[in-house]
Amino acid sequence: MLDQLPILSAITFFPTIGAVLILALKIAMRKSDQTLMEKNVRGAALFVTGFVFILTCWLALDFDKSATGYQFVEQVSWLSAVGINYKLGVDGMSVLLIVLTGFLMPICVLASWKVETRVADYMAAFLLLETLIMGVFSSLDIILFYIFFEGSLIPMFLIIGVWGGANRIYAAFKFFLYTFLGSILMLVAMIVMFIQAGTTDIEALQAFEFGAQVQTWLWLAFFASFAVKMPMWPVHTWLPDAHVQAPTAGSVLLAGVLLKLGGYGFLRFSIPMFPNASELFAPLVFVLSIIAIVYTSIVAFRQTDIKKLIAYSSVAHMGFVTMGIFSMTDVGVQGAIFQMISHGLISAALFLCVGVIYDRFHTREIAFYGGLVHKMPVYAAIFGLFTMANVGLPGTSGFVGEIMTMAGVFQVDPRVAAGAALGVIFSAVYMLTLYKKVVFGEMTNEKLNIATDLDTREWINLGVLAALTIYFGFFTTPITDFTTTAVDALVHHYNAALAAPAS
């Protein structure tokens with residue numbers, strides 16, 4: 001049914017329409033009551049993001065999980081003189097990331113309900129960011145992909161730089177420069193690919209056989225962009241600063257979705273288009289992944305800011321993703337995708353938990369807290385659940401992603417799996433230490449006596465995320481059913497390319 005409708009275009013561009021309407025509403029009500037205007041803007045943003053989420057669910061329900069290739073393909077001639085088309089489509093890997101984005105956006109709006117500075121501009125920036133992220137996950141043309149991929153930097157730059165903390169300008173520019181400079185090399189590689197293959201169509205490029213030497217340079221150019229976006233060690237230093245300075249909703253979207261752009265890029269470009277180079281550099285990726293998992297876990301333990309600790313934790317968890325992807329085993333790649341979805345839920349929830357206490361006490365310093373269980377027992381229980389999920393406790397989605405990636409890489413190199421297991425132990429140390437310092441013990445700080453437990457809005461956000469974290473910890477097929485066919489095709493294509501005679 002949806003094959004007859006431009007559903008992907010609707011999902012991609014409806015948020016932009018919503019952003020334009022919100023800015024128009026701001027102008028129309030400029031002389032009206034400011035409180036009423038902000039209320040209408042928040043309501044409009046919630047309606048738009050909620051409607052887009054419904055569309056993504058409709059897309060997932062109509063998706064044929066057993067079919068190979070891309071579905072819901074839309075293609076219109078765009079820059080016909082050079083053969084560049086507006087082409088969208090999804091497979092089992094990208095459809096899940098689209099649903100995750102659609103799911104987190106209404107949560108971001110609810111988490112931003114108390115924002116008072118330039119509310120209309122703030123909501124419009126988030127809606128524009130949603131359009132660009134959806135475009136990344138649905139693009140089937142490398143130039144179109146690049147436009148969406150780079151475009152996503154602009155609204156996040158503004159979100160951090162305008163509505164962030166005291167050092168927001170520094171963090172915003174660091175975020176922008178790190179990610180932008182890496183992507184310039186990717187653009188050069190795309191031009192080379194077009195010259196060699198004569199097309200910018202992603203499907204055609206995945207079937208095109210680049211020479212082994214050319215693959216090496218193309219792989220490195222794409223790696224420069226995707227490694228920063230993940231981020232991988234040692235190009236991860238922009239992330240803690242961006243998270244600390246970003247508003248709560250900015251951190252939710254940054255950790256929940258934007259970090260997944262790098263992993264998605266490896267799956268969509270590096271592995272299928274440059275298989276020989278991927279095999280050549282897989283040991284390097286394994287080393288960098290283990291360093292990320294172990295080193296950033298140690299660094300996280302030394303943090304005094306809750307947000308920065310969780311940011312370093314995200315770097316460690318993305319190490320499992322890259323490790324699973326480049327194992328190029330069915331279970332490893334499946335685990336990497338599962339880990340991306342799981343981390344999207346858990347990291348979003350952890351940053352929301354930080355936002356809850358920051359809204360009340362306006363500090364993220366660990367030393368300020370202690371004994372919150374006495375005043376906020378429900379919050380303590382929810383925060384405890386996500387702490388355990390982040391550690392990888394069995395019965396939560398965090399466990400499934402980690403065990404699958406380690407099982408996959410164990411088939412390739414048991415030493416890498418052993419290093420990853422060491423990182424799991426370290427994550428338990430720093431997360432449980434954080435939880436102990438913030439939640440347990442005596443409440444020695446008198447300023448905490450005014451603490452109030454979760455309100456209705458916070459309950460909704462954290463409750464839904466908690467339910468999904470537990471559900472996917474026991475029932476994995478709602479995710480793996482989508483990805484199995486696409487992953488099987490990817491691994492088969494990779495192995496076939498390696499088995500073919502070198503060109």
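These are my notebook entries on a predicted model of one protein chain.

**Entry 1: the whole chain**

I began with the secondary structure and found 20 helices and two strands in the chain. I then looked up the radius of gyration, which is 22 Å, close to the 23 Å that the globule rule gives for 503 residues; the chain is therefore as compact as a globular protein of that length. Along the principal axes, the C-alpha trace spans about 70 × 60 × 40 Å.

I next turned to burial and contacts. Of the 503 residues, 61% count as buried. Taking contacts between residues at least 6 apart in sequence, I noted that 81% join residues at least 24 apart.

For the surface, I recorded an accessible area of about 18800 Å², of which carbon and sulfur atoms hold 68%. The chain carries 25 positive and 30 negative side chains, and the centres of these two sets lie 13 Å apart.

I asked how many residues of helix α11 are buried. Eleven of the eleven, residues 248–258, are buried, so the helix is largely enclosed by the rest of the structure. Among them are G250, S251, V252 and G256.

Helix α5 covers residues 142–151, and eight of its ten residues are buried, so α5 too is largely enclosed by the rest of the structure. The buried residues of α5 include F145, Y146, F148, F149 and E150. At the N-terminal end of α5 I found a cap: a side-chain oxygen of D141 lies 3.0 Å from the backbone nitrogen of I143.

**Entry 2: D201**

I located D201 in the loop between α7 (168–197) and α8 (202–207). Is D201 buried or exposed? Its relative accessible area is 13%, which is under the 20% cut-off, so D201 counts as buried. Leaving aside residues up to four places away in sequence, D201 touches K87, L140 and D141. With K87 there is a polar contact of 2.7 Å between the side chains. D141 is also the residue that caps α5.

**Entry 3: S183**

S183 is found in helix α7, and S183 is buried, with a relative accessible area of 1%. Which residues does S183 touch, not counting those up to four places away in sequence? They are Y146, F149, E150 and S225. Y146, F149 and E150 are among the buried residues of α5. The side chains of S183 and S225 are joined by a polar contact of 3.0 Å. I also looked up S183 and L218, which are 35 residues apart along the chain; their C-alpha atoms are separated by 12 Å.

**Entry 4: backbone details**

I checked the loop between α9 (212–229) and α10 (238–245), where P231 is found. The peptide bond from M230 to P231 is cis, with omega near -5 degrees. P234 is found in the loop between α9 and α10 as well, and a cis peptide bond joins W233 and P234, with omega about 10 degrees.

I then noted two residues with a positive phi. R118 has a phi of about 50 degrees although it is not a glycine, and R118 lies in the loop between α3 (92–111) and α4 (119–138). M328 has a positive phi of about 50 degrees and is not a glycine either; M328 lies in the loop between α14 (306–327) and α15 (330–361). R118 is exposed, with a relative accessible area of 52%, whereas M328 is buried, at 7%.

Notes
Residues are numbered from 1 along each chain as its sequence is written. This is a predicted model: local features need pLDDT of at least 70, side-chain atom pairs count only at pLDDT 80 or more; totals for chains, interfaces and linings use all residues. Side-chain values use heavy atoms; hydrogens and water are left out. Helices (H or I, at least four residues) and strands (E, at least two) are DSSP runs, numbered from the N terminus. The radius of gyration is taken over C-alpha atoms; the globule rule is 2.2 Å times the number of residues to the power 0.38. Buried means under 20% relative accessible area, exposed over 50%, partly exposed in between (1.4 Å probe, protein chains only). Contact means heavy atoms within 4.5 Å. Accessible areas come from the Shrake-Rupley method with a 1.4 Å probe; for residues, only the protein chains shown count as cover. Lys and Arg count as positive and Asp and Glu as negative; His and the chain ends are not counted. The place of a charge is taken as NZ of Lys, CZ of Arg, CG of Asp or CD of Glu. A polar contact is a pair of N or O atoms within 3.5 Å; within protein, one must be able to donate a hydrogen and the other to accept it, and residues adjacent in sequence count only if both atoms are side-chain atoms.
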